[in-house]
Amino acid sequence: QVQLVESGGGLVQAGGSLRLSCAASGNILSINAMGWYRQAPGKQRELVATIRTGGMPNYADSVKGRFTISRDNAKATVYLQMNSLKPEDTAVYYCNYSPGWATAQSGYWGQGTQVTVSS
């Protein structure tokens with residue numbers, strides 16, 4: 001089992017910045033992917049950014065150039081630096097941990113943290 005604890009959400013004005021953190025604990029494999037997904041009201045959950053152990057980050061087109069994902073393997077923690085935030089970034093952001101080469105859907109999810117961007 002793996003537990004994920006997210007932090008860093010909140011309310012920010014458009015153009016502002018937030019940094020999300022997600023710490024994983026439990027049975028963490030050395031090979032894994034961690035990432036962030038978001039779900040806005042009335043919409044499906046969508047990928048924001050993911051990064052695999054030793055791999056390059058992967059971003060949704062809508063956040064490229066504004067968001068940066070990073071990870072600290074020693075702390076089993078993934079971060080999402082969000083700059084130039086837009087109202088359309090408003091959503092609940094979920095952390096995901098996928099062991100080995102498992103898909104995100106079969107991995108573990110955090111409880112979600114609300115990000116609200118006011119115009």
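Author: A nonpolar core is a set of buried Ala, Val, Leu, Ile, Met, Phe, Trp, Tyr and Cys residues joined through side-chain atoms within 4.5 Å. Buried means under 20% relative accessible area, exposed over 50%, partly exposed in between (1.4 Å probe, protein chains only). The model is predicted: local features need pLDDT of at least 70, side-chain atom pairs count only at pLDDT 80 or more, and totals for chains, interfaces and linings use all residues. Residues are numbered from 1 along each chain as its sequence is written, and side-chain values use heavy atoms, without hydrogens and water.

Reader: Which residues touch the most other members of the largest nonpolar core?
Author: Trp-36, Leu-80, Met-82 and Tyr-93 do, in a core of 29 residues. Strands that give two or more residues to this core include E4 (32-39), E8 (77-82) and E9 (91-99). Strands (E) are DSSP runs of at least two residues, numbered from the N terminus.

Reader: Why does Ala-76 count as buried?
Author: Its relative accessibility is 14%. The cut-off is under 20%, so Ala-76 is buried. Ala-76 lies in the loop between E7 and E8. Its phi is positive, about 50 degrees, although Ala-76 is not a glycine.

Reader: What makes Ser-84 partly exposed?
Author: Ser-84 has a relative accessible area of 39%. That falls between 20% and 50%, so Ser-84 is partly exposed. Ser-84 is in the loop between E8 and E9.

Reader: What makes a polar contact of the pair Asn-73 and Arg-71?
Author: Their side chains come to 2.6 Å. A polar contact is a pair of N or O atoms within 3.5 Å; within protein, one must be able to donate a hydrogen and the other to accept it, and residues adjacent in sequence count only if both atoms are side-chain atoms. So the 2.6 Å pair meets the distance limit.

Notes:
Helix = DSSP H or I, 4+ residues; strand = E, 2+ residues; numbered from the N terminus.
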